[in-house]
Amino acid sequence: MTDVAGSPVSVTSEPRVATGTTDVCDAKQFATLTFLRGGLIALGVTLAAGILAALYSVPAITPFMQSLGLDLRQLRPIHTTFATAWIFLGGAAVVYRFLEDIGGRATPGDRLRLRVQVLCWAAAGAGVIATLLLGITSGREYVGFHPIISVLIVVGWVCYLWNFYRVVGGSFWEQPVYVTMWGVGMVFFLYTFLEQHAYLLPQLFADPVQDLRVQWKATGTLVGSFNLFVYGTIVYIGEKMTGDKSYGHSKIAYALFAVGLLNSFTNFGHHSYHLPQSAAVNWISFIVSMTEITILARCITDVWCLMRDGSGEPNATKTAFNSAKWWTFAILFSSILISVPPLNSVIHGTYVVTGHAMGATIGIDSMVLLAAAFWLLKEFMEARDGAAPKFFASPSTRRRIIGLNVGVGALVVWLHVSGLTTGLTRMRFAPAEAYIPPAWLGAINGIMFAVTGFIALGFFDEVHKVLRRRAFGRFELPVERG
Ligand code: HEM
């Protein structure tokens, strides 16, 4: 890998040219590749913690894991923190790839901020694993680590935001919708991340209902901010693959941005049905969320239609993208069902919610990011070698992606079956009675969770292997990249 502080690079809007003459790499190219690698590492940690957490649910294995000092209270926050990190880092790789397009030379300030960003986030990642394994946790959803680590995340984030706005700067308003999505998502993340730490205020912490309200509001906005990165990625990759720039300025893409943003402020409602709140809040939340996912389904289908060339040739990006499209419809269907209040009261707090969250973050977010990762690596390798790499268009890569969908589908379906069974057996109890799940359910659930988890993990590893072999290979990048 060449140095970040490399020499000037000429960035043009022409197709990439493989010069093969230099080992100098621009800071932004370095950033694209580094965040892609970081995202793949985060995905690896997510998977490791996920399978350990699934094994933990097998009653015969739980005591053994506890004797090793491994507990769901550590594994779950490691899993969810790194799942979120994978989504943000994958998004950052795409954002830096875009910054290469609109180019200009990276200034010494850009390079310094990039170094700080990479170092802070790497230290934060290592810190999260180390402290959570030592049992140091905040106990909060999605920010389960010690708040001191949040300082590193924020410092890195400010550098990211600065680098983005320094390049996009004055042209922000003329840029396509994906730039608006990323630019707003960046500011939004910073705000919501700080809001997630409101529990550090003693007055708020002392009032559990208020604390839960703010926590869900902030978590809803966090999801909104990473959705903006994923939505931007859909439109950007679609544009790059088809050369059609009109979608980035279309009304429907702006509608997705606007409703996505609105939903970030309202989606807390359907996470807090159990808190005292007005029915109007529930309804607003329901209608806005349904509108967002419906528009998303339309956009993802539109971009998919633009990408389709009818050749039937295998193409890893298109296969992953097509998977995201089908997952979006499936999640839309399940969202409608679980948001209906009587049904929500049956499934609340069960594995149905876990299945739903994992179905959305894997099926939609991760499939879009995997599509982007395939495309980014193809671009790098094409520019380096002058020819498209075989892995990108091979039937075996396509089979691995399809297998991954089947594996994840099995895991998600099982979570729904298990959660629904919990909900239905729980209904037999009066509200004030403590619910004790039937022993057979715990036993079957543990085994099925582990079995479907291993199937999903096996296919994840197959796809991850294709990407990590290329991403962590030696890269001596050509200077000219458009
Ligand atoms: C081999 C693959 C995986 C396995 C076996 C697995 C397993 C698990 C387990 C055991 C939990 C905790 C359930 C509980 O609270 O008891 C969980 C939660 C979660 N997982 Fe995974 N996971 C996998 C992959 C992923 C990936 C790739 C992502 C996202 C990129 C992801 C996102 C999530 C999220 C968001 C939650 C929290 C759900 C909630 O709010 O209840 N998982 N997963």
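This is a predicted model: local features need pLDDT of at least 70, side-chain atom pairs count only at pLDDT 80 or more; totals for chains, interfaces and linings use all residues.
**Figure 1. Overall fold of the protein chain, which comprises 15 helices and 0 strands.** The radius of gyration of the protein chain is 22 Å, close to the 23 Å that the globule rule gives for 482 residues, so the chain is as compact as a globular protein of that length. Buried residues account for 45% of the 482 residues in the chain. When contacts between residues at least 6 apart in sequence are considered, 81% of them join residues at least 24 apart.

**Figure 2. The shell of 22 residues around the ligand.** Within this shell, Gly50, Ala53, Ala83, Ala357 and Gly453 come nearest to the ligand. The elements that each give two or more residues to the shell are α1 (27-56), α3 (72-102), α13 (351-385) and α15 (439-471), and α13 gives the most, with 7 residues. Sorted by class, the shell holds 13 nonpolar, 8 polar and 1 charged residues.

**Figure 3. Ala357, one of the residues that come nearest to the ligand.** Ala357 lies in helix α13, the element that gives the most residues to the shell around the ligand. Because 16 C-beta neighbours fall inside 10 Å, Ala357 counts as partly exposed. Ile401 is 44 residues away from Ala357 along the chain, and the C-alpha atoms of the two residues are separated by 20 Å.

**Figure 4. Val368 and Ala371 in the largest nonpolar core.** This core has 119 residues, and among them Val368 and Ala371 touch the most other members. Helix α13 supplies the largest share of the core, 20 residues. When its neighbours within four places in sequence are left aside, Val368 is in contact with Val230, Thr233, Ile234, Phe321 and Ala324.

**Figure 5. Helix α10, residues 279-307, and the helices packed against its buried residues.** The buried residues of α10 are Ser285, Phe286, Ser289, Glu292, Ile293, Leu296, Cys299, Ile300 and Val303. These buried residues pack against α8 (208-242), α9 (251-266) and α11 (316-339).

**Figure 6. Tyr142 in the loop between α4 (108-133) and α5 (147-168).** Phi of Tyr142 is near 65 degrees, which is a positive value in a residue other than glycine. Most residues other than glycine have a negative phi. Tyr142 is partly exposed, because 17 other C-beta atoms lie within 10 Å, whereas a residue would need 20 or more to count as buried.

**Figure 7. Ile436 in the loop between α14 (395-426) and α15.** With 10 C-beta neighbours inside 10 Å, Ile436 counts as exposed, the cut-off for that class being 12 or fewer. Thr425 is 11 residues from Ile436 in sequence, and the two residues are 9.3 Å apart in space, C-alpha to C-alpha.

Conventions: Residues are numbered from 1 along each chain as its sequence is written. A residue is near a molecule or strand if its C-beta atom, placed from the backbone, lies within 6 Å of it. Helices (H or I, at least four residues) and strands (E, at least two) are DSSP runs, numbered from the N terminus. Ala, Val, Leu, Ile, Met, Phe, Trp, Tyr, Cys and Pro count as nonpolar, Asp, Glu, Lys and Arg as charged, and the others, Gly among them, as polar. The radius of gyration is taken over C-alpha atoms; the globule rule is 2.2 Å times the number of residues to the power 0.38. Two residues are in contact if their C-beta atoms, placed from the backbone, lie within 7 Å. The expected span of a helix is 1.5 Å times one less than its number of residues. A nonpolar core is a set of buried Ala, Val, Leu, Ile, Met, Phe, Trp, Tyr and Cys residues joined through C-beta atoms within 7 Å.
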